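The following paragraphs lead through one protein model, from its overall fold to selected residues. Please keep the sequence and the coordinates at hand while reading.

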Amino acid sequence: MGFFSKLFGPKEAPAPAAQPFPAESIPADGNYPNMFRVDESFMIAPKATEVGIKRAKLYKDRCVVRGLVSVGTFSQNDVVVVFVDGSPMQVPVLDVMKCDALDFPSELAANMHKHTIETGMTAWMILDISSLPTVGATIGKF
């Protein structure tokens with residue numbers, strides 16, 4: 001490992017922090033105290049020139065979901081429950097931002113948003129997973 005590698009860290013993105021969630025802990029009726037419905041999902045790999053070096057490494061090959069907050073609030077660094085490939089996963093939220101008239105890349109690059117979304121807001125949520133939840137899925141938080 002060279003001097004600059006030690007100084008600036010590894011070149012690869014950190015591994016996703018998603019962990020399995022016990023299925024018996026999920027509400028039987030599917031209603032969480034905080035709920036977000038997925039309308040769209042896609043992967044991102046922003047460039048350092050667009051969002052800065054630290055954020056580019058953190059967001060590389062991570063999932064972004066767009067949807068409506070039906071109940072409650074979600075904030076940056078929350079841990080949510082997401083169904084991925086049919087199994088529940090406990091996933092950290094890297095960032096949340098209100099879905100304004102701007103497209104997602106412009107909003108991400110601006111980085112001038114509150115890091116909390118509330119009931120009734122259409123928003124983007126950046127999740128620390130490297131696979132996509134299905135459209136129509138519910139993301140919940142206890």
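What share of the contacts in the protein with a separation of 6 or more is accounted for by residues 24 or more positions apart? Such pairs account for 75% of them, a contact being heavy atoms within 4.5 Å. The model is predicted, so that local features need pLDDT of at least 70 and side-chain atom pairs count only at pLDDT 80 or more, whereas totals for chains, interfaces and linings use all residues. Residues are numbered from 1 along each chain as its sequence is written, and side-chain values use heavy atoms, with hydrogens and water left out.

The protein comprises 4 helices and 9 strands, taken as DSSP runs numbered from the N terminus (helices: H or I, at least four residues; strands: E, at least two). Their order from the N terminus is α-β-β-α-α-β-β-β-β-α-β-β-β. The radius of gyration is 16 Å, close to the 14 Å that the globule rule gives for 142 residues, so the protein is as compact as a globular protein of that length; the radius is taken over C-alpha atoms, and the rule is 2.2 Å times the number of residues to the power 0.38. Of the 142 residues, 39% are buried, where buried means under 20% relative accessible area, exposed over 50% and partly exposed in between (1.4 Å probe, protein chains only).

In soluble globular proteins, nonpolar side chains tend to be buried together. A nonpolar core is here a set of buried Ala, Val, Leu, Ile, Met, Phe, Trp, Tyr and Cys residues joined through side-chain atoms within 4.5 Å. The largest one has 19 residues, and F36, M125, L127 and I139 have the most contacts inside it. Strands 2, 3, 5, 6 and 8 each give two or more residues to this core, and strand 6 gives the most, with 4 residues. Beyond its neighbours within four places in sequence, M125 is in contact with residues including F36, V93 and I139. Another core, of 12 residues, lies apart from the largest one and includes I44, M97, L108 and I126.

Two loop residues other than glycine have a positive phi. N77, in the loop between strand 4 and strand 5, has a phi of about 75° and counts as exposed at 63% relative accessibility. D85, in the loop between strand 5 and strand 6, has a phi near 55° and counts as exposed at 74% relative accessibility.
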